[in-house]
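Follow the charged side chains through this model. The text takes them pair by pair.

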Amino acid sequence: MPRLMLHLHSLLVQEQRRLVLWAPVGLALGAVLYFGLLHTEPNLPVGFVLPCGVAVLASIAAWRRRYSLWGRLLWGGCITVAIGFAAAWGGTHRHTPMPDLPRFATEIAGTVQAIALLPPEDGTDAPFQRRVDLAQAVFYNALDDGMLPLRRVLSVYLQPNDPAALRVGDHLRVKVLLQPPPFPVLPGARDRQFEAWFANRAGSGRALGFVQLVVLAQGHKLQLWFENLRERINARIHTILPGPEGGVAATVLVGASETVEKQLREDFAASGLAHLLAVAGLHLGIVMGLVMAASRLLLATTEYTALRWPCKALAAFCAWGVGLVYVLLTGAHLPAQRSLLMAAVAVLGIAAGRRVVSMRGLAVAACVLVLWMPQVVMGVAFQMSMAAVMALVAGYEVLQPKLTRWRASTTGLGHWLAWHSVVLALTSVLAGCATLPVVMAHFGVIQPFFVVANMVAVPLMAVWIMPLGLIALAFMPLHMDAPFLWLMGVGIRPVIWLAHMVAHWPAARVVVPHMPGWGLLAVMLGLCWICLWRQRWRWAGCAGLVLGMVSPWLLVQPDVIISPDGGLVGVRESDKIYVMGQSRAARPVMQAWGQYFAQPVGIFPPEGETPDGALTCGAENTPDTCVALLHGQDVVVRRQDTSDGRLLLPIDICTGADVVISVAPLRASCLNAPIRLDRFSAWENGAEAIFLHKSGNVVRTDRAWRGQRPWVLKPGGHGMPVLPLAPSE
């Protein structure tokens with residue numbers, strides 16, 4: 001043991017200049033500890049004061065042990081984890097509570113914050129549907145009379161034939177049927193309530209009538225000006241490019257990704273080109289690179305500026321300013337904000353004469369981002385971007401000397417093309433392989449042909465599509481943008497064709513089961529271990545990568561699942577998930593179940609049995625009841641009940657049943673069954689998953705999985721009442 005500790009100390013001494021790079025990892029671990037491992041929300045002393053006190057005490061201890069490598073490592077880790085935990089608590093409690101939305105049709109009034117055009121889901125030529133985001137909404141009904149305006153945003157889907165001409169800033173009134181953010185479809189599945197909490201959203205609804213304009217927009221605010229500008233540019237793009245090319249062009253120029261057709265979006269995802277439809281680092285980097293090159297060339301045209309001004313730094317600041325305008329124009333989404341922050345660090349590095357892209361610059365950007373918006377550590381955008389940039393920086397740190405020598409020893413056009421092809425392929429491989437586990441965890445797919453698609457699509461985006469798009473934006477006020485938009489569409493067409501072709505190759509989209517949280521954590525820590533160290537011991541991080549990537553197959557999957565509203569029951573067999581029951585949210589729930597288990601999902605017929613006979617429905621004069629024999633356990637499912645539980649299940653079916661499930665209340669049916677689950681239990685606990693074992697069956701519920709946290713709505717989806725409460729309440 002002493003020899004091992006001595007060897008480890010020697011390795012850390014060689015890597016001591018890289019220890020600071022682990023600061024954002026510690027901050028992220030503190031945020032993950034708060035978001036993912038707690039089941040009860042800590043109060044102010046425990047959630048904020050205590051970790052701040054720990055950080056202060058650890059700082060004092062680190063100062064006293066500043067000459068000890070182990071002391072700096074230990075106490076520095078405590079400082080970052082404690083600060084990350086406190087930042088996550090503070091970031092959570094900056095947001096207002098979720099309001100309790102009316103469960104009946106009600107009139108609401110609010111100010112239009114954003115307008116989105118949504119293509120028809122069936123791919124027909126039907127007109128686009130409009131979705132408006134309403135701020136400062138007020139409910140007009142007898143129960144909520146006198147309420148203050150909501151401090152969260154409501155998304156309302158208007159009727160397709162609504163003739164109202166809306167602009168951002170308009171104050172409108174409309175009758176809608178609202179619903180809160182949905183519960184997870186499975187314990188441990190995607191949490192849309194968590195996303196809505198930090199996105200400052202209260203829920204969504206569908207309009208039951210036409211919109212009534214109350215007050216027209218006041219266009220003096222900068223945000224309203226940008227939103228209206230986005231709408232005008234979006235409409236102009238779709239006028240010149242009415243097909244799928246227009247959706248892609250509107251996405252990369254104004255961030256209107258909702259206008260991309262569903263099938264086209266699936267093709268981009270299956271071919272590994274989905275990042276082209278998400279305005280983030282790639283698009284911002286292209287914009288800033290083009291502006292910086294043009295600005296530096298313009299400054300170098302005169303002898304005075306070329307010799308006396310810091311042209312490179314000025315061009316970098318000019319590029320960042322244009323990048324800021326581009327981010328605002330595309331909606332200032334979180335990935336774009338994160339990329340703009342990282343670009344600011346790079347610009348400061350250029351101004352200070354430091355390396356543009358480095359691990360230290362990435363660490364600074366990650367620290368600022370986690371402290372500012374700690375919830376990003378749980379999101380796919382942050383994880384993918386950090387993984388990709390880390391892999392690129394680390395990969396080129398190792399390969400740059402060899403690549404430089406190879407480039408210096410070759411001349412001619414052929415070698416120049418070979419050089420750029422190798423660099424492009426290497427970039428795609430490094431970024432794609434680093435983000436592959438993250439894509440597995442969040443989307444449940446593997447795209448093995450992403451390198452082929454990106455080698456063609458990314459250069460087209462950089463040298464043809466984006467430059468022409470920026471020129472079109474510049475000439476749009478002069479009404480001279482049509483030729484450039486048309487040429488932009490010419491460049492988009494081969495990208496769409498490539499995405500469609502690659503998406504339809506055999507095994508272009510390999511589905512994988514759900515990756516548990518600890519598997520994704522192992523992947524990210526393993527990737528950090530490989531990228532942040534320089535010595536050979538870095539390759540020990542491959543163990544974390546392998547463990548995380550095989551974790552979906554190490555996880556024990558439930559045998560029976562129940563939807564959050566209790567209306568759907570799924571029985572999982574080796575080849576398929578058989579679903580019984582009815583629910584208004586049947587389609588999204590079944591899609592999520594299929595992605596979670598990486599299995600096909602289908603509605604089981606009212607009568608019949610599965611090929612292996614494990615599941616039978618409609619037998620023994622019980623047309624609305626199914627019986628499943630799984631792992632030696634008898635499971636009874638009542639898939640439909642018009643009596644609302646008043647008609648009891650037959651005694652012969654209840655006898656010997658280990659689990660009894662009903663989409664309606666069970667009431668007095670099967671009282672002797674060890675496990676009884678019905679609509680009431682789903683209302684109270686959310687989605688339920690049942691693990692069947694001969695030694696004992698286990699029921700896992702969503703409410704027990706997530707615990708009592710600010711973003712977790714009360715049973716039935718209820719939030720905080722919108723009217724002031726009495727002191728006792």
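Burial needs its cut-offs before any residue is placed: buried means under 20% relative accessible area, exposed means over 50%, and partly exposed lies in between (1.4 Å probe, protein chains only). This is a predicted model, where local features need pLDDT of at least 70, side-chain atom pairs count only at pLDDT 80 or more, and totals for chains, interfaces and linings use all residues. Residues are numbered from 1 along each chain as its sequence is written, and side-chain values use heavy atoms, with hydrogens and water left out.

A salt bridge here is a side-chain nitrogen of Lys or Arg within 4 Å of a carboxyl oxygen of Asp or Glu. The count by this rule is 16.

Start with E195. This residue is partly exposed, at a relative accessible area of 36%. Its side chain forms a salt bridge with that of R190, at 2.9 Å from N to O.

Now take R572 and D559. Their closest N and O atoms are 3.9 Å apart, in a salt bridge. R572 sits in strand β10 (residues 568–572), while D559 sits in the loop between α19 (542–554) and β9 (560–562). The pair links distant parts of the chain, 13 residues apart. Helices (H or I, at least four residues) and strands (E, at least two) are DSSP runs, numbered from the N terminus. Both R572 and D559 are buried.

E397 and R18 also meet in a salt bridge, at 3.6 Å from N to O. E397 belongs to helix α14 (residues 380–408) and R18 to the loop between α1 (2–14) and α2 (23–36), so the pair ties together parts 379 residues apart in sequence. E397 is partly exposed, at 21% relative accessible area. R18 is buried, at 9%.

Finally, a network of salt bridges links D644, R646, R667 and R679.
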